[in-house]
Each structure stands twice: as structure tokens, then as C-alpha cells.
Amino acid sequence: MKTALSICLIVELLAVSGSVRAAPCPRPDALGTARTLVVDAKTTPRVGLKSFPQTLPLNDKEVVLTFDDGPLPATTGKVLAALSAECVQATFFVIGRNAQASPQMLRAMIQQGHTVGNHSWSHPMLNQLSAAKALADIDKGFAADDAVLGPAKPGTVRLFRFPYFASTPALLDDMESRGAVVFGADLWASDWLKMTPQQELDLLTARLAHARKGIILLHDTKQQTAAMLPAFLRYLKQNNYKVVHVVAAGDTSFTPSTGRAAD
């Protein structure tokens, strides 16, 4: 309880401190972020081999870390702490109503140099809704994220992931027309299933050893994932994997050379 409380207090302090550059990594032996990859809907409108024919242009042993469904203070705080300890930047696809309920967590993501994407307002199966209702839920999610971030992140959220990867051709075209890159995934740890942190680590590392690179899907709302993450980051370091930070083209809250939040 004390640990979780301390993490939440640290995150809240970061959130109210204003837009700042991510602090230099205090650990020379940390995993770190190897490079920043700028994505644009004009050239990569949709990525992720689980859903689409193409993915990001990653080199062998390069991974992009993505987290869905947050923010949830009890677990997202632990995820942010683990990433911060290794000086790693990730992408968080947040649910709009969760962002509205925990605005300090969303701002903390930006303060620590992470990228925020939209994951809809209420996490429905969008392909089972009418086009109008689906777009309304998507738009409400974008609006909630942008309203919470405000001056901490100039511009608007430009990345989107469909809940359950349940898209339609019309919705995909709409995302592309508004300049939003749609993210699928290349591999995942199936952390929506009940398992121990060690079981999740074993599953994820086995899949990564086979794939060798890719967009990894995790959930920052899962206790087992929050508990597993420090060991997974150590695995990446020990096995010479590199973390790539994804930034949307035109996002002025990051500098492409470092991937850290701009002053």
C-alpha cells in the first residue's frame, strides 16, 4: 500500500509541475530509448501485422512498447515508475472516460516523455455500432484526451487504436482522412487472461524471441503486467533489444532527436 501510494504521489507531482523536458537518465546502465520514430498517416496510415499487411519500419531486435485501457492509478502508476527507472518511452492508448477520471495520470505520461493515443471514449466494439455512434464515441475520446492534456501537450492526439482491433473500412478511412495513424500490434502477452507475472513474462519473451521485433501490446490496467514489467525491461536489456519511441508527425510536444517532452 505504501509503495502504491508513493508512486501515485510522485506521478501527481509530475502532473502539476507543468510541461517539462523528460529528466536525463540517472542510470548509465539503463535500457533507455534507442531512437524516435515519427509516424504520419500519409505514409503509414495503419500499422500492426495482427490487423494489417504492414507494420512500422523496425530493425531486427527493435520494439515499440504500447499500453492500452488506462489510465488506472493503481496500476498505471507502477507501469510509469518501471518505465522511468529504465528511461524508456512508450505509447499509451487511453480510454477517454478513464483519462477524464484520472487527469493527473494522463499528464504524467506526457511529463515523462511518453506518447498518448486515443482508444475511444468507452471501449465498445465499434464495428458493431452504427457509423454515427462509432464516430461519436471515437470523437468523444479524442476530445477528452485533448481537454485533459491542454497546455501540457500542444496540438491534438494523432494516434488511435480500435478497441478489440474491431475496425471497419469506413472507420479506417475516416481515421486516415483526419490524419490519425491507426495502431494494431505485432505481438502481445495475452495479459487479458489470468496468469502470474512470471507466466506472462515467459509467454511474452517466447513470442518476442520468435518475432524478433515489433509493436508489443500490453495493458497498464493489469496488475500482473505492472508486476511483470521490470523483469521484461531487464530481459530486453540483457538480450540486446532496443526500444523505439513513436511520435506522431506534427506533435510539437516532442523533439524527434530525443523523443523527450519539449521545454
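Ala, Val, Leu, Ile, Met, Phe, Trp, Tyr, Cys and Pro count here as nonpolar, Asp, Glu, Lys and Arg as charged, and the others, Gly among them, as polar. By that scheme, the lining of the second largest pocket divides into six nonpolar, three polar and three charged residues.

This is a predicted model, in which local features need pLDDT of at least 70, side-chain atom pairs count only at pLDDT 80 or more, and totals for chains, interfaces and linings use all residues. Residues are numbered from 1 along each chain as its sequence is written, and side-chain values use heavy atoms, with hydrogens and water left out.

**The pocket**

A pocket is an open set of points on a 1 Å grid over the protein atoms alone, where a 1.4 Å probe fits, with protein on both sides within 12 Å along at least five of seven lines; lining residues have an atom within 4 Å of a point. The second largest pocket has a volume of about 190 Å³. Volume is the space filled by probe spheres set on the points, which are joined across faces, edges and corners. Its lining includes Asp68, Arg161, Trp188 and Trp192. His119, His123 and His219 are also among the lining residues.

**Salt bridges**

A salt bridge is a side-chain nitrogen of Lys or Arg within 4 Å of a carboxyl oxygen of Asp or Glu. The structure holds eight.

Asp68 lies in strand β3 and Arg161 in the loop between β6 (159-160) and α6 (169-177), so the pair ties together parts 93 residues apart in sequence. Strands (E, at least two residues) and helices (H or I, at least four) are DSSP runs, numbered from the N terminus. Both Asp68 and Arg161 are buried. Buried means under 20% relative accessible area, exposed over 50%, and partly exposed in between (1.4 Å probe, protein chains only).

Arg212 is partly exposed at 37%. Asp60 is partly exposed too, at 48%. Elsewhere, Arg27, Asp29 and Glu86 are linked in a network of salt bridges.

**Aromatic pairs**

Rings of Phe, Tyr and Trp (its six-membered ring) pair if their centres lie within 6.5 Å; planes under 30 degrees apart count as stacked, over 60 as edge-to-face and the rest as tilted. The whole structure has eight aromatic pairs. Trp188 and Trp192 have ring centres 5.7 Å apart and planes at 65°, so this pair is edge-to-face. Trp188 is buried at 17%, whereas Trp192 is partly exposed at 43%.

Phe232 and Tyr235 are stacked, 6.4 Å centre to centre with 10° between the planes. They sit three residues apart in helix α8 (residues 223-238), separated by about one helical turn. Phe232 is buried at 0%, and Tyr235 is buried at 19%. Ring pairs also link Phe142, Phe160 and Phe162 into a cluster.

**Helix α2**

Helix α2 covers residues 73-85. The expected span of a helix is 1.5 Å times one less than its number of residues. For the 13 residues of α2 that gives 18 Å, and the end C-alpha atoms are 18 Å apart, which agrees. Among its buried residues are Thr75, Val79 and Leu83. Just after α2, Cys87 takes a positive phi of about 55°.
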